[in-house]
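Dear colleague,

Please find the structure below.

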Amino acid sequence: MHARTTAAEGQGQRSAGGLYTPEERRRRDESIWTIVQGVLAPVQFLIFLVSLALVLRYLATGDGAYAATLSVIVKTIALYTIMITGSIWEKAVFGKWLFAPAFFWEDVFSMLVLALHSAYLVALGWGLLSEHGLMLLALAAYLTYVVNAGQFIWKLRLARLQAAGGASPQPIRTVAA
């Protein structure tokens, strides 16, 4: 039986709770895709905020359906862009296009985010939902986006703590009643 090799094999070990091996950290710091992600993430978030306001305005007043629809399309294009460039970044840093162990759950949830945004475009293009239904679908997509963004912000915090030599924050644990 042959063992599978990983991109990080022979390049140092990930410290307990660490996101990157020393070699992965070097590749991350040298990659142009790190900068691209650092620019696209806040741009996408600003697009999200504008679009969210337009969607909520439509749902509250019935006005601005065209602007809200256009904003969801722009948000979806931004999402596709950051997902493609993020996959390139992950390949450059971890040697895998998606689902690298350090970002596995973020990538899994990203698939749900993509699925909901894509469902919006399909429903819009094929006339499968009313305007109101489309806006509710957009809100569902946006909720998953917020959760996913939170996952990535948490990982960014972990990476900064790791780089500073600090301990990784402990996950919040719940106690069963």
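A crossing is called left-handed if the near helix is turned anticlockwise from the far one by less than a right angle, and right-handed if clockwise. In this predicted model, α2 passes α3 in a left-handed crossing. The two helices pack at an angle of about 160 degrees, with axes 9 Å apart (axes are lines fitted to C-alpha atoms, for helices over the stretch in contact, and angles run from 0 to 180 degrees between N-to-C directions). α2 is therefore roughly antiparallel to α3, a term for angles over 145 degrees.

Helix α2 covers residues 32-61; helices are DSSP runs of H or I with at least four residues, numbered from the N terminus. From first C-alpha to last, α2 reaches 44 Å, close to the 44 Å expected at 1.5 Å a residue (1.5 Å times one less than the number of residues).

After α2 comes Gly62, with a positive phi near 80 degrees. Phe99, in the loop between α3 and α4 (104-126), also has a positive phi, about 65 degrees, although it is not a glycine.

Residues are numbered from 1 along each chain as its sequence is written, and side-chain values use heavy atoms, without hydrogens and water. As the model is predicted, local features need pLDDT of at least 70 and side-chain atom pairs count only at pLDDT 80 or more, while totals for chains, interfaces and linings use all residues.

With kind regards

Note on methods: Angles under 35 degrees count as roughly parallel, over 145 as roughly antiparallel, 65 to 115 as roughly perpendicular and the rest as oblique.
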